[in-house]
Amino acid sequence: MAGVYVHIPFCKQKCHYCNFYSVVSVKYREPFLKALLFEIGQRKSYLNREKINTIYFGGGTPSLLGFEELISIIEKIKNSFHVDTAVEITLEANPDDLNANKLKRLKNETSVNRLSIGIQSFFDDDLHYLNRVHDAHQAYHSIELAKKQGFNNLTIDLIYGIPGLIRKKWIKNLEIFFSFNLPHLSSYSLTVEPKTALLTFIRQGKMENIDENKSIEHFKILMEKTTENGYIHYEISNFAKKGYYSKHNSLYWLGGHYIGFGPSAHSYNGVSRQWNVPNMKQYIEAEKTKKIIFDKEVLSKNQQYNEYVMTSLRTIWGCDPEHIQNVFGKFYEEYFSKIIFPFIEDEKVYRQGNHYFLTNKGKLFADGIASELFMDDE
Amino acid sequence: MQAMKNIRNFCIIAHIDHGKSTLADRLLEFTGTVSERDLKEQVLDDMELEREKGITIKSHAIQMDYPFEGEQYVLNLIDTPGHVDFSYEVSRSIAACEGALLVVDATQGIQAQTISNLYLAIEHDLEIIPVLNKMDLDNAMPDEVKDQIVDMLGCDYEDIIEASGKTGYGVEQILEAVIKKVPSPKGDTNAPLQALIFDSVFNSFRGIIAYFRIFNGEIRKGDQVKFVNTGKEYEANEIGVLRLDREPRSVLSTGDVGYIISGIKASKEVKVGDTVTHVENPCDKAIEGFEDVKPMVFAGIYPIDPDEYEELRSSMEKLQLNDASLTWEPESSAALGFGFRCGFLGLLHMEIIQERLDREFNMNVITTMPNVSYRVVTNKKEIIEVHNPSGLPEQKYIDHIEEPFIKAQIITRTEYIGSIIKLCLDKRGELKNQVYLTTSRVEITVDMPLGEIVFDFYDKLKSISKGYASFDYHITGYKPAKLIKLDILLNGESVDALSTLLHQDNAYDFGRKMCVKLKELIPRQQFDIAIQAAIGAKIIARETVKAVRKDVTAKCYGGDITRKRKLLEKQKKGKKRMRKVGNVEVPQKAFLVVLRLND
């Protein structure tokens, strides 16, 4: 099982909190597509003919792609890789890009079978704070239309911890989500990332800073309400009905292999991770130079162990000491079991069967716990 | 050997950057003692650090030959350290001379420290030759500065030599004045040997090389000699004079300046100010003015990596070989582990040691907040010297505590006088005198506790005077003071490395500032951290570092994994470098908190 990620680095406008690579200018649309198709063809042996069970269009804003563009990319992937017939193809979409006609064509003309709609909030003031293009009405409407066109495998994003998002509004957002009866939700705490407009505005005092206590309260509400409504909290920020876990993201958390196309996209083959240059101009050069510019790291044993601990603890599958012993050796397993112990005492971690999991309290401290469990390189 | 009447022993008195070293270079060049090629900038300062800081830390001496009006003269230039911390060493260098060049920067005028050294020279009856240096600069103000010099010395305007170390202007005139005005040495060649040690250096092949000036008698190679104050006896394996290199001689006589090598390994055995005489037929008494210099400022030095303790010890031992004024003893701190309590002559000395540990030995150290040496008088009237706040006896055994006092001289422009006096009063100073040197320059004399200048006095003085204040001090003695020990507690546990002894009037303000600053420096942890300042059982200030309530970041997809792993790896490394106090992780920089209170 392996995955393909395609980064579509175009946006109508930039959301203030976002630190993913994208450009607003449309003049690179054509050369980008050429370079992308070139890259897909050039790197076709990266995954060693592993079977692809998920293709994911992320961004940026993949819903800005035209049908022909989208189809040509999927075709190129199918021709270059060993793609499973039951492949899950996800397209991230912004509500403002989704109208009835577009959804209909998406359903009928392409093999996209899962939509991830960037709702973020059902309230205009929050959307304004985040500098999203769409409004609350478009948010509702896009979900209704997608369902109507037969997209059953639907997920939306909701952001909590936004300064204007009072408790009541957050609960309302969740209730609206539940009312659509969608099988999946990704919900993130707003974080102020470096080099974002949001950070600048907060520093300048033009925007209100986020409040940690509020994020914690929202997260607790989120866990409580999703459980009540039959969703499984299968990763820190992801909730799904049984059978609807995101295949693509699960791959990341379970150490699966993936190849990423487009500027800034990451690839991992079990031994090394590499990422394309996050620069459109340099990326499109590839079409002429026949060379994709990327950075690469070969993971040491310690780093592989660190990543396993860091990702597995975030998930419903938990961290398996037996796996640690088999893959990394007895020394790692003993180290892990020793360090994790105080967290169990502290009720941040619990053990069930042979696996370790974060408690709801522990989910707030996933990073610190992982960091403690890390193996130092020297 | 030169007849005594043709010997001139002199030194140079100057403020730090008034061009002493450059002028000295010109003298050496002009007399042909060194060729221009030999002359790496500033021959007399041969420690790398000295050259960079532009200050002469340790004194040296050099001999020049100079023919004048048909006669051959020997001129011994004895260099003097330029900082207040080394005032005792300066006094011994001065005691070895008959004359002094008073070098004043024509662009800046006389500075406080120059004055105190000048008075030292005058007390020792030295002939003073005033030199106005840096005359080549456009902003030289010869008339004003000459007025200052004439006011101070009562000399004639014509006695002041205008010079430039940079261009060599005036150098010949200076040499002429040295020969004509500085008296030749007096003394009795046939009397028992009496020589003053004014400096010593460590040489890794030869051991300690002591520099001396003979006041009476003669010394020959192979003589059995005795150092009067230490009582130790040695054989004079090698004696000689100091040219660009050491030049061995078989005999040195009254008036000469030279060196002695006698197989001494430790710098402690050679004390500046000691008297050298013969074992057989010794002199009646030692040369006056000897003092066993005691360190006045103390601080703990700890290796950042606790495994480097032994390495630090061996570095300290090596440092002490050529710096006898550095003292240290092992010490341990609950917070910092094993290290050393070190004694320094002053703050600059402390800074120099820290830098030398870093540069010459590649040691990374934590230096705890400095404190002065206190005298605790117990109920039973015993006197205990306390060099470390944690060494203070319990309150109930203490009758009173005494702290060292200094007489400070500050010279500044009249416009800064108000704020400087206020600073001194804030630092518990008592204004003793205020003299107008010229219409625009004032000298003030203040009695104040040494403990008040070890924290941030220099920096404050510099900033309120915009750099136009010079400062000099000497220790006058001990006075009783209302001192208390201020402890810092983290979650109820006292951090020994952060305890301070200070005057009770300052305790509240200081304690509050410490808590606020520590709150900035201690990272949030899994629990609340109470930072408290306490006097005994009484809490006088408190701050809280709130517990981390969440640290999870929402997203962890393909592109986030590397970034996030690296971030967490870095976090873990940072944590490893912290010291644990109880259950609280404290970063190293927190231990230097006191030095950053005003940041």
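Biologist: Which residues do ring pairs link into a cluster?

Modeller: Ring pairs join A:Tyr234, A:Tyr245, A:Tyr252, A:Trp253, A:Tyr258, A:Tyr268, A:Trp317 and B:Tyr557 into a cluster. Before we go on, please note that this is a predicted model, where local features need pLDDT of at least 70, side-chain atom pairs count only at pLDDT 80 or more, and totals for chains, interfaces and linings use all residues. Residues are numbered from 1 along each chain as its sequence is written, chains are lettered from A and ligands numbered from 1 in the order in which they are written, and side-chain values use heavy atoms, with hydrogens and water left out.

Biologist: How many aromatic pairs are there over all chains?

Modeller: A pair of aromatic rings is described by the distance of the centres and the angle of the planes. Here, rings of Phe, Tyr and Trp (its six-membered ring) pair if their centres lie within 6.5 Å; planes under 30 degrees apart are stacked, over 60 edge-to-face, and the rest tilted. Over all chains, the structure holds 34 aromatic pairs. Take A:Tyr160 and A:Trp170: their ring centres are 5.3 Å apart and their planes meet at 50°, so this pair is tilted. The pair links distant parts of the chain, 10 residues apart, with A:Tyr160 in strand S5 (residues 154–160) and A:Trp170 in helix H6 of chain A. Helices (H or I, at least four residues) and strands (E, at least two) are DSSP runs, numbered from the N terminus.

Biologist: Are A:Tyr160 and A:Trp170 buried or exposed?

Modeller: Buried means under 20% relative accessible area, exposed over 50%, and partly exposed in between (1.4 Å probe, protein chains only). A:Tyr160 is buried at 4%, and A:Trp170, at 0%, is buried too. In chain B, B:Tyr309 and B:Phe340 make a stacked pair, 5.0 Å from centre to centre with 10° between the planes. B:Tyr309 belongs to helix H7 (residues 309–321) and B:Phe340 to strand S19 (residues 337–344) of chain B, so the pair ties together parts 31 residues apart in sequence. Both B:Tyr309 and B:Phe340 are buried.

Biologist: Where does a charged end sit over a ring?

Modeller: This counts when NZ of Lys or CZ of Arg is within 6 Å of the ring centre and within 35 degrees of the ring normal. The charged end of A:Lys241 sits over the ring of A:Tyr231, 4.5 Å from its centre. Likewise, B:Lys479 lies over the face of B:Phe405, at 4.4 Å from the ring centre.

Biologist: What is in the largest nonpolar core?

Modeller: A nonpolar core is a set of buried Ala, Val, Leu, Ile, Met, Phe, Trp, Tyr and Cys residues joined through side-chain atoms within 4.5 Å. The largest has 107 residues, and A:Phe57, A:Ile73, A:Leu115, A:Ile156 and A:Tyr305 have the most contacts inside it. Helix H6 (residues 167–180) of chain A gives the largest share of this core, 7 residues. At least three core residues come from each of domain 1 (2–253) and domain 2 (301–373) of chain A, with bounds from an automatic or database domain assignment. A second, separate core of 51 residues includes B:Tyr309, B:Met316, B:Phe361 and B:Val372.

Biologist: What span should helix H8 of chain A have?

Modeller: The expected span is 1.5 Å times one less than the number of residues. H8 (residues 212–228) of chain A has 17 residues and should span 24 Å, which agrees with the 24 Å between its end C-alpha atoms. Its buried residues include A:Ile216, A:Phe219 and A:Leu222. Among the elements covering the buried residues of H8(A) are S5, H6 and strand S6 (184–189) of chain A.

Biologist: Which peptide bond is cis, and which residue has phi near 55°?

Modeller: Most residues other than glycine have a negative phi, and most peptide bonds are trans. The bond from A:Gly59 to A:Gly60 is cis, with omega near 15°, and A:Gly60 is in the loop between strand S2 (51–59) and helix H2 (67–80) of chain A. A:Asn181 has phi near 55°, a positive value in a residue other than glycine. A:Asn181 lies in the loop between H6 and S6 of chain A, and at 53% relative accessibility A:Asn181 is exposed.

Biologist: Which residues is A:Asn19 in contact with, leaving aside neighbours within four places in sequence?

Modeller: Contact means heavy atoms within 4.5 Å. With those neighbours left aside, A:Asn19 touches A:Glu193, A:Pro194 and A:Thr196. The C-alpha atoms of A:Asn19 and A:Val192 are separated by 9.4 Å, though the two are 173 residues apart along the chain.
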